[in-house]
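Here is a short report on one protein chain. Look at the sequence and the fold first, then read on.

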Amino acid sequence: MAAAQAGDRRAYERVLADSVALVRAVARRQGVAHDHLDDVVQETLLTVHRVRHTYDPSRSYDAWLSALAARRAIDGLRRSGRQARREIGDEVAVALHPDEGDASSESDRAQQADRLRAAIADLPPGQREAVKQLGLKELSLEEASARTGRTTGALKVNLHRALRALRGRIHGDD
């Protein structure tokens, strides 16, 4: 590493290549999963490149590299822990999202559509009209106002109240 710090490119390439085995060993010792080892190695080698000027040639290169690798391994573990909390596993994803052609999902969608139509039909006339014009026909506020003769403010209020009521009826909060 001292030669690499002095500008010897080949020495630097050799140092990086020889460092991979030690970085992998440190990462495994820290508990990094096999499929994340390459990420930790890459992060560590990038860190070595960024901070190579801090290496003191009078000290052990392996100890310096091991400290850097341990820190990058811990960073990797933290990152994978955060991802694990946000991501759903394959089994859960499959259970929540059945195949498009699944007969039970078609039946569920039809039932949900029927429930939504019934809930919309039960709304007061002003709210029902706001849902029809703004939600179902996807008209702009100005277009819906021109068609219904109501102000844009009244349409916004009716749509908001309708959506709140529908949410309550559909999700059982009613």
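## Thr47, a buried position in α3

Thr47 counts as buried, at 4% relative accessibility. Buried means under 20% relative accessible area, exposed over 50%, and partly exposed in between, with a 1.4 Å probe and protein chains only. Thr47 sits in helix α3. Helices (H or I, at least four residues) and strands (E, at least two) are DSSP runs, numbered from the N terminus.

Which residues does Thr47 contact, leaving aside neighbours within four places in sequence? They are Leu68 and Arg72. Contact means heavy atoms within 4.5 Å.

## Basis of the model

This is a predicted model: local features need pLDDT of at least 70, side-chain atom pairs count only at pLDDT 80 or more, and totals for chains, interfaces and linings use all residues. Residues are numbered from 1 along each chain as its sequence is written, and side-chain values use heavy atoms, with hydrogens and water left out.

## Overall make-up

The protein chain has 9 helices and 0 strands. From the N terminus, the order of elements is α-α-α-α-α-α-α-α-α. Of the 174 residues in the chain, 26% are buried. Among contacts with a separation of 6 or more, 54% join residues 24 or more positions apart.

## The nonpolar cores

In soluble globular proteins, nonpolar side chains tend to be buried together. A nonpolar core here is a set of buried Ala, Val, Leu, Ile, Met, Phe, Trp, Tyr and Cys residues joined through side-chain atoms within 4.5 Å. The largest such core holds 16 residues. Met1, Val23, Val48, Tyr55, Tyr61, Trp64 and Leu65 touch the most other members. At least two residues each come from α2 (9-30), α3 (37-51) and α4 (61-86). α4 gives the most, with 6 residues.

Val23 touches Val40, Val41, Thr44, Leu65 and Ala69, not counting residues up to four places away in sequence. A second, separate core has 6 residues, including Ile120, Leu123, Val131 and Leu166.

Is Ser19 buried or exposed? Ser19 is buried, with a relative accessible area of 2%. Its place is in helix α2.

Two packed helices are described by the angle between their axes and the distance between the axes. Axes are lines fitted to C-alpha atoms, for helices over the stretch in contact, and angles run from 0 to 180 degrees between N-to-C directions. Angles under 35 degrees count as roughly parallel, over 145 as roughly antiparallel, 65 to 115 as roughly perpendicular and the rest as oblique.

α7 and α8 pack at about 130°, and their axes are 9 Å apart. That makes α7 oblique to α8. α7 contributes Glu129, Gln133 and Leu134 to the contact, while α8 contributes Leu141, Ala144, Arg147 and Thr148. By type, the residues of the α7 and α8 contact are 3 nonpolar, 2 polar and 2 charged. Ala, Val, Leu, Ile, Met, Phe, Trp, Tyr, Cys and Pro count as nonpolar, Asp, Glu, Lys and Arg as charged, and the others, Gly among them, as polar.

Glu138 lies in the loop between α7 (125-136) and α8 (141-148). Glu138 has a positive phi of about 55°, although it is not a glycine. Glu138 is exposed, with a relative accessible area of 66%.

How do α8 and helix α9 (residues 152-171) pack, and at what angle? The angle is about 100°, with the axes 9 Å apart. α8 and α9 are therefore roughly perpendicular to each other. Leu141, Glu142, Ala144, Ser145 and Thr148 of α8 meet Thr152, Leu155 and Lys156 of α9. The residues of this contact divide into 3 nonpolar, 3 polar and 2 charged.

The axes of α7 and α9 come within 8 Å and cross at roughly 95°. That makes α7 roughly perpendicular to α9. From α7, the contact uses Gly126, Gln127, Ala130, Val131 and Leu134. From α9, it uses Leu155, Asn158, Leu159, Arg161, Ala162 and Leu166. The residues of the α7 and α9 contact are 7 nonpolar, 3 polar and 1 charged.
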